[in-house]
Amino acid sequence: MGDTYVMGFDLGTTSVKVCLINKITGQIEDIQWQETNSQISTKSTSQNVKTIFKAIEECCGRLCVDKLDGVNAIAVCGQMHGCVFWKQTDVWNDLNSSIEDVEVSSLYTWMDDRCHPDFLSDLPSPHSHLKLSTGFGCCTIFWFLKNRPEFLAKFNRCATIQDLFVAYLCRLSVPVVCDQNAASWGYFDTISNTWNVERLKECDFPVNLLPIVVKPNTEVGITKTNWLNLPTSCKVYVALGDFQCSVFAVMESEYDAVLNISTSAQLTFLKPKGFLPSIPVPKNQMIDYFPFFDNRYLAVAASLNGGNVLASFVKMLHQWTTFLVQETNIFIKRNLTIFNLQ
């Protein structure tokens, strides 16, 4: 079958998606999705990483194995801001090992709210054009540093969930992230493409945990095993931010504005070539600038109210209708009983 297909993965907040694209025709040959059901509890925004990996395996298991033999390149995107920790040991380099053998933390998602405003105000100011927020990777690491240092001591690597997936596919010794994901963590200067290492060191931040940063479309490794029924030696590219990918997929011209409604919601448009955001962030700035592709930026008006609110609304309607049906049935039975007694 030859090098016919590119395989794409999207590791979202509530589900994972996998697709096969024919390189010759440009058409999607197959697509599968699976809800992860990875939330650890109803009161937690943390997710079980191994459950997410299991959902990926289930998706790939439904794809045609014959077509998988023709895959020669893999692209990945996923939820931004969140972080996951793991321990790099000899198990990682054992090609017969599975993710079950790796000591890995929960995924602390972008919805994590442990970093309250007072906590954030006590953190050092980042040299970045992006403001800090709870759920950002570096903020979450700061929280553990100040509240549970023994937890951090158990791990020697961290990244976003999609970067962990890429690192595991390629068995990378150090995780590699693109500037899109790095910027979503805070304390990253997109203009120099560097972490605020010196500023972080002053606060005893474990900078050794920070992943290597490269530009989008960088090949970072190859598949080392036939995990997921994939052939070995497939090219694997650095994981991208799901927001940037969703915009890229629908933007027909650089003059288009895009409204993206997923778990959260964003309205965005592409800034002209040569635009550079201001550092530090102006006090009253209501628009963020996310790194895109080709050293350009997206102007973004973001809201946390997206598909998550819609899901809550649908759940509420379902509860209402269930309650009304139950009460209606009780009313009917009661009146039938009264009627029969008469």
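Across the whole of this predicted model, a search identifies 5 salt bridges. One of these links Glu29 to Lys67, with the closest N and O atoms 3.3 Å apart. Because Glu29 belongs to strand 3 (residues 28-35) and Lys67 to helix 2 (residues 65-68), this pair ties together parts that are 38 residues apart in sequence. Glu29 is partly exposed, its relative accessible area being 31%.

A further salt bridge joins Lys215 and Asp179, for which the closest N and O atoms are 3.1 Å apart. Lys215 is located in the loop between strand 12 (212-214) and strand 13 (219-222), whereas Asp179 falls in helix 8 (residues 179-183); the pair therefore connects parts that are 36 residues apart in sequence. Within this pair, Lys215 is partly exposed at 31% relative accessible area, while Asp179 is buried at 4% relative accessibility.

Arg114 takes part in two kinds of interaction. Its side chain meets that of Asp112 in a salt bridge of 2.8 Å, N to O, and Asp112 is buried, with a relative accessibility of 2%. Arg114 also lies over the face of Trp143, at 4.6 Å from the ring centre.

Aromatic pairs number 27 in the whole structure. One aromatic cluster is formed by Phe9, Phe53, Trp86, Trp92, Phe165, Tyr168 and Trp227.

Lys50, in helix 1 (residues 49-61), is partly exposed at 21% relative accessibility. Leaving aside residues up to four places away in sequence, Lys50 touches Ile99, Glu100, Val102 and Val104.

Key
Residues numbered from 1 in each chain as written. Predicted model: local features only at pLDDT ≥ 70, side-chain atom pairs only at ≥ 80, totals over all residues. Heavy atoms only, no water. Helix = DSSP H or I, 4+ residues; strand = E, 2+ residues; numbered from the N terminus. Buried < 20%, exposed > 50% of the residue type's maximum accessible area, 1.4 Å probe, protein only. Contact = heavy atoms within 4.5 Å. Phe/Tyr/Trp six-rings, centres within 6.5 Å; stacked < 30°, edge-to-face > 60°. Lys NZ or Arg CZ within 6 Å of the ring centre and 35° of its normal. Salt bridge = Lys/Arg side-chain N within 4 Å of Asp/Glu carboxyl O.
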